[in-house]
Amino acid sequence: MSMINDKEFKKLSNYKNDTCVSIFIPTQRGGKEVLEEKNKKHLHSEWTQVKKELKDKNVSDDLINKIGNPIQQLIEDRDFWRHQSDGLAIFSSPDFFENYTLPVNFEAYHYISEEFYVKPLVPAMTGDVKYNILSIQLEDVKLYEASKFSIMPVEIDELTPSRLEERVGFDYKEKALQFRTQGEGGDKTQFHGHGGSERDEKTEIKQFFRAVDQGLKEHLNKESLPLVVFCQDYLFPIYQDANTYNHLFEKVIPGNPNDTDMLGIHQKSLEVFQPYLDENRDKKINKYKELSSTENTTSALSDIIPAVYQGKVDTLFIENRAEVWGNYNEENMQVEFSDNHENGNISLLNLAAKKTVEMGGKVYLVEHEFMPQKKSKMNALLRF
């Protein structure tokens, strides 16, 4: 599994070659589609179209093979297709190849130019809100750092007990209780024991959760990121009671973490945390609307791109799935528009997006109906 980071994004963004191929396909995490090799067939179909276009551009068979060999290897790698998320991004040239498995619902798309097409990846690089996920069970504790577009495990073995037995004693199961699995519909797990009450067992669980809370406290307070807990429903109130961290998210990711992998944990966390992640974008959209009659906003692409290069753009809104072709002359700050991608024309939206990131601005891909100024494919909120 490979997710994009700042260093890799910059490498992609700055890469130049006579022939750069960017391919995006939607993928499925599992189930019937994977068993039927739908993901693999989707990439094969997209690469077939790319090969035809490269031949039409008179690219030599040798160069096409150099670009395509690593793609073909992916197509034939059965293990690779068992570990997918929502989207796959591939970047290939005669002397470069990278692929990224991402929780992003890409539409099938390919782009051939002297640069890579990084616009679909840009939101992951623009100050995306980070948060922690605490996956906790009575026999397992894991911590992850995540954002809307990424997840990575955090090593906590030396910080917390990894299971309840470590906290309350290894004879816990024998002397106290046995668990039966959580019933359908989120029913509370029942406690059965000899000589111990439900209250006693809750006390022991709370002691375990308090030990986890105290062990993680110093690490979590370094950045004070929101903490989202993934556990069975009946455990969350006990964890809330034991918690002392000030940024615990009020809603739990319900279920058994053992029932999914890391990408599944990320997906489930977004189902709970997504509204919070969208807050910053929505605030910027509202600010654009408030300032729409001032010089602090613009929807003219001929003004936006020079402003991007001058570092004036605070936030860039780009219509998702839209495209504008042309070129930009940096010396005289002139934007030239074209009706198509031929004759050396490039994606002006891709250019503006990656340059905004380079200059420290934020970029949001927005559906047409949510664009602040719908008459334009790109809107900019300016710093000055």
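Modeller: The account below begins with the sheet and then turns to its surroundings and the chain as a whole. The model is a predicted one. The open sheet is formed by 5 strands, and across it they follow the order β7-β6-β5-β10-β11, with mixed pairing. Its edges are β7 (150-154) and β11 (253-254), each of which pairs on one side only. Strands of a sheet pair through backbone hydrogen bonds, and this pairing may be parallel or antiparallel. As an example of the residues involved, Asn 132 has Leu 227 in β10 as its bridge partner.

A helix accompanies these strands. Helix α9, which comprises residues 262-277, lies across β5, β6 (140-147), β7, β10 and β11. Relative to β5, helix α9 runs at about 125°.

Another helix, α7, spans residues 198-221 and contains Lys 202. Lys 202 counts as partly exposed because its relative accessibility is 33%, which falls between the 20% and 50% limits. Between Lys 202 and Leu 235 the C-alpha to C-alpha distance is 9.1 Å, and the two residues are 33 apart in sequence.

Of its 384 residues, 50% are buried. Among contacts between residues at least 6 apart in sequence, 67% join residues at least 24 apart. The accessible surface of the chain comes to about 19,500 Å², and carbon and sulfur atoms account for 43% of that surface.

How values were computed: Residues numbered from 1 in each chain as written. Predicted model: local features only at pLDDT ≥ 70, side-chain atom pairs only at ≥ 80, totals over all residues. Heavy atoms only, no water. Helix = DSSP H or I, 4+ residues; strand = E, 2+ residues; numbered from the N terminus. Buried < 20%, exposed > 50% of the residue type's maximum accessible area, 1.4 Å probe, protein only. Pairing = 2+ DSSP bridges. Contact = heavy atoms within 4.5 Å. Axes fitted to C-alpha atoms, helices over the stretch in contact; angles between N-to-C directions. Areas by Shrake-Rupley, 256 points an atom, 1.4 Å probe, with all protein chains shown as cover.
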